[in-house]
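Here is a briefing on a chain interface and on aromatic pairs. Look over the structure first, then read on.

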Amino acid sequence: MATLVQPRPDEPVQRPNIASAGNRLPAVRDYEQVDRDIIRTLQPTLGWFAALGIAILCLLIGITAWMYQIHEGLGAAGYHPPVMWGVYIVTFVFWVGIGHAGTLISAILYLFRAGFRTTIYRCAEAMTVFAVMTAGLFPILHLGRPWKFFWLIPYPNWRLIWPNPKSPLVWDVFAILTYLTVSATFFYVGLIPDIAVLRDQETNPIRKRIFASLSLGWRNSDKEWRHFTRAYLFLAAFATPLVLSVHSVVSFDFAMALTPGWHATVFPPYFVAGAIFSGIGMVFTIIIPLRKYFKLQHFVTINDLDAAAKLCLFTSMVVGLAYLTEFQVAWMSGNRVEQEYFWNRVFGQWAWAAWIMLICNCVLPLSLFSQKLRRNTSWLFILSLFINLGMWFERFVIVVPSLSHEFEPWQWGSYAPTFVDYSILLGSFGWFFMWFLLFMKQMPIMALAEIKEIIPPKMRQPHDPAERVHDLDSLTLDPINTAGDD
Amino acid sequence: MQGVIGAFAELDSAVHAIEDLRKQNFSDITVYTPTPRHELEEAMQPPKSPVRRFTLIGGLLGVTFGYWIPIWISDYWALVVGGKPVASWVPYTIIGFELMVLIGSLATVFGMFAVSRIPRLTTTVGYDGRFSHGDYGIWVPVGPDRMSAAAELLRKHGAVEVRNER
């Protein structure tokens, strides 16, 4: 939103509407530059074709492995009693978690007026939609008869028996479908004014017609903007509790069971914090190479990354606290099975996975207390890869050790993923990045209209620079200081 | 529909032109702007957007449906467990909440489309592609008798281009 400033005492009373926005992106001079610099990223390049080729190759490997699994049965995926949830459910929760940062950045940070979201939220929203699309594949991949996937939808069978609405799996269907629909709607609504920009600048008649259809005849009129900004605000207000609810519901899939390690009331906030943490990690993984490759450092400034890194550090510490709380609850519960399970998790059979999780999610992010490292994009990118790894292992540590170490020793077992699991995991990354790469060549990867809001508009009568003192936003950030940027 | 369209490169010029047009009793003005600006909104003094009503009605319908469907399912094929209630509102709150968000959000978008009159097949008279790029546009619907007065006023405030359109 444009920044409102207090009028100066000597300012003429009859002209209260003169803009004096703070200058958050000093290297961006005008609206035309915003369009020019961001729309040029739509031109396909050799690097883009190479990346798309790799993504499609990974996807094909995953599809081949899935075909093999359908032919051979679920046993090909390494499932055997007692561990009947493995890489697929781990990866499902991982991708749902990745999908959370997009709506967090676009909705929650919008409501809080966090300025650093403006240049990164479009990528984060696209990431959300494609991550949830990826997550939605895994319950189907996990089925022995995937062609019966529609049985997941709550509708009655031929004897008119409905699914039990007290089951967490039914809640999951409602939560995930709502999240996918609302996220996709939020994403598309935000895109409409930007598609109108593409429509107005496109010279190819076919593409122009496609953009005209997708922009729904948007004209940038004051009436449209007035309704748009209201609707966007309400969508953000709906999406905010939705973000918190969806991963809470996913956590109920575990917490409602009596299995050791799962039956804990800390699970909903623990899952939500973990989801946001992993999502921010993936935002760094995507946005840092993008800003370097397309030379967009003057849009995604080092200050924006610094602010996002602080959020990453905070959520890492919340996740760390949740890990400690789990151990404390097990210790104080007096429940021998629970205590045995947690001991086994950290010092026993699954210690290797648990320590990867702890180091990646709790130890390495502590480096972000250093401002120098927060502003070092190379370190942020490397750290984001560790966070992605650590958060995948977090879900592995939640799912597999509990199932392999339940109440009775005769139930205890082990689990080792096969090449089918690994191939499908690789294929999910191929599927996700294929959609993202296709998106970034068709639509602007940054929100043109919202970035224009934070650029000082052209004025006939330039204002006294001293007036910026009234703008608190410009005092909180130092846009000139880009030390540590690449 | 006929009128005058003025294109402005600077925001303050456009704001002053709107204020002057309103003083001269030119009504039903439309402003085109590449991005929403509070300055333009203050100059236009528009009524509150009715989108909020669609949000409220959609949300209420959603939460009602979200509670009704699991309660109906539970009563339709009752699973009686140890004297516990057949329909339990606590777990059904999850479904109620999710459907409130789903239907409330879709109603909001539907409301925005309805009151903004989109989708539309064509951009209307007076619209120019530059208004999504960097310039501001002011469309004044007037009859032939006041057309020159409106055009003169727009030029006076620094319009880079003024056109009569019909």
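A:E224 and B:R120 form a salt bridge through their side chains, at 2.8 Å from N to O (a Lys or Arg side-chain nitrogen within 4 Å of an Asp or Glu carboxyl oxygen). The rule finds 1 salt bridge across the interface of chain B and chain A. This is a predicted model: local features need pLDDT of at least 70, side-chain atom pairs need 80 or more, and totals for chains, interfaces and linings use all residues. Residues are numbered from 1 along each chain as written, chains are lettered from A in written order, and side-chain values use heavy atoms, without hydrogens and water.

**Interface**
- Chain B puts 77 residues in contact with 69 of chain A (heavy atoms within 4.5 Å).
- The buried area is about 6,200 Å², with 65% from carbon and sulfur atoms (accessible area lost on being put together, 1.4 Å probe, summed over both parts).
- B:P36, B:E98 and B:H133 supply 10% of the area that chain B buries against chain A, more than any other three residues.

**Aromatic pairs**
- The count is 54 aromatic pairs over all chains (ring centres within 6.5 Å, using the six-membered ring of Trp; planes under 30 degrees apart are stacked, over 60 edge-to-face, the rest tilted).
- A:W352 and A:F396 make a tilted pair, 6.0 Å centre to centre with 50° between the planes.
- A:W352 is partly exposed at 47% relative accessibility, while A:F396 is buried at 3% (buried is under 20%, exposed over 50%, partly exposed in between; 1.4 Å probe, protein chains only).
- B:Y32 and B:Y127 pair edge-to-face, at 5.5 Å and 80°.
- B:Y32 is buried at 1%, and B:Y127 is buried at 11%.

Notes. Buried area is the accessible area (1.4 Å probe) that two parts lose on being put together, summed over both.
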